[in-house]
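This report covers the packing of some helices and a few backbone angles. Please look at the sequence and structure below before reading on.

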Amino acid sequence: MLQELTKADLVPLLSHGPDRNNFIESKIKESMGALKAPYPSPHDYWNTILDGFAKFPYRLENFLEAKKLENRAVFQDYKPFLIDLEPNSRCNFRCTMCQVSEWQRGQRAADMTFEEFKSLSGLYLFVVEAKIHGMGEPLLHKDFFKMVEFLGEYLIWTRTSINGSLLLANNNIERIVNSSLGEVQISLDGATKETYEKIRVRANFEKVTNGILCLNEALEMNHRNLTRMWVVLQNQNIHEISEFVELAKKLKFKRLTFSLSLNDWGQEFWRDKNGTKGVDIAPTLDILQKLYADSIEEGLEISLWKQSKKYTSADGVENLCPWIFDRTYIGSDMRLTPCAIIGNPDVTDLGDAKTILESWNSQEYMDFRRKHLEGEIPKECRDCYSVEKLGTDISRSKQVFVDITQHKLKFE
């Protein structure tokens, strides 16, 4: 939704006043009324974005250059305006669909230090949105909240994703409530103890749900709508789809997102493993439409996430994956990889984040973009591309896209 705006649209909104207020009200209305992709809270999101553009004019100019399709090339004259920051690549869970479960002791690399995090300040001047989360559980990092507040000083809209296991430790609830975070996604892939703990190995359902309820009650007292319950639908939990809605209400969530994306992490092993866990999309969408209609009047907003449309390599640059032109993922060991769908520089290493402003056009990054632009899609990216264009057999993920398209759901 940000990418659709022009300079003429944005300039009148840089100062607080009627124009900005009317614009935000229009975005609030857009986010309502139908089952669609998850929206951030429009008021906080747009005020942060627009204040950042006002304070850092070169951020606005960089963004406007980045959104021009003709600028999507092997060498980029602008800087990434979206980033994934991985403070740590270690987790206390071993979820069955996550690549962390196959890593030795559930950790790929050392934690990013706060000094390393601050060393990226030159990049932050250009960044509009950040996700401070990678493959690990971010609340395990001792400096997580220092990192969040550092980004807040740069007026970067920031979100994270947690597993909920550490909410009752280290005063984390109060620290979240008082933080500059724009959104906290909390993963709950089972509506019952049995299902949840079967998928999220090493988790404790009662401990997690108790912590979530305490957090949502604290947020409610402070008039903050910050959390989003996130469910990855799969064959092990699809039978609880209605129960997820009741659980969200019980835990006082205002937003619930069902994800239809099971990543392959750019690896054949996970493509085979997660490819067997998908759900039948058509009946699932019908159920979700009904659940949305039944829940919205009760104050629960249900949304649907899919991994994006299937990209193609044959119909122009506008149909290529935009992330290689707009976004980068910085691993906890300060190595670059294309995106959170891969989330592992051991799979695709695009350079050194310590010199990010130069590494954005490293030989590795330019070669990676060139392959996309020339239609030679890297194998680790192929699950995100239309298999018809790639000349391969229809995969499970392609069928998901076909089914969603046939149901004519609109994603904005």
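## Helix 4 and its cover

In this predicted model, the elements that cover the buried residues of helix 4 include helix 1 (7–10), helix 3 (42–55), helix 6 (121–124) and helix 14 (323–326). Helix 4 spans residues 57–66, and its buried residues are R59, L60, N62, F63, L64 and A66.

## Helix 16 and its cover

Helix 16 runs over residues 363–373 and has Y365, M366, F368, R369 and H372 buried. These residues lie on the same side of helix 16 because they cover an arc of only 160° around the axis. Among the elements covering the buried residues of helix 16 are helix 14, strand 10, strand 11 and helix 15 (356–359).

Just after helix 16 comes G375, with a positive phi of about 80°.

M334 is not a glycine, yet its phi is positive, near 65°. The residue sits in the loop between strand 10 (327–330) and strand 11 (336–337). M334 has 1% relative accessibility and therefore counts as buried, the cut-off for buried being under 20%.

K252 is also not a glycine and has a positive phi of about 65°. Its place is the loop that links helix 11 (241–250) to strand 8 (255–259). Is K252 buried, partly exposed or exposed? The relative accessibility of K252 is 34%, so K252 counts as partly exposed; that class lies between the limits of 20% and 50%.

Key
Residues are numbered from 1 along each chain as its sequence is written. This is a predicted model: local features need pLDDT of at least 70, side-chain atom pairs count only at pLDDT 80 or more; totals for chains, interfaces and linings use all residues. Side-chain values use heavy atoms; hydrogens and water are left out. Helices (H or I, at least four residues) and strands (E, at least two) are DSSP runs, numbered from the N terminus. Buried means under 20% relative accessible area, exposed over 50%, partly exposed in between (1.4 Å probe, protein chains only). Contact means heavy atoms within 4.5 Å. The arc is that of the directions from the helix axis to the C-beta atoms.
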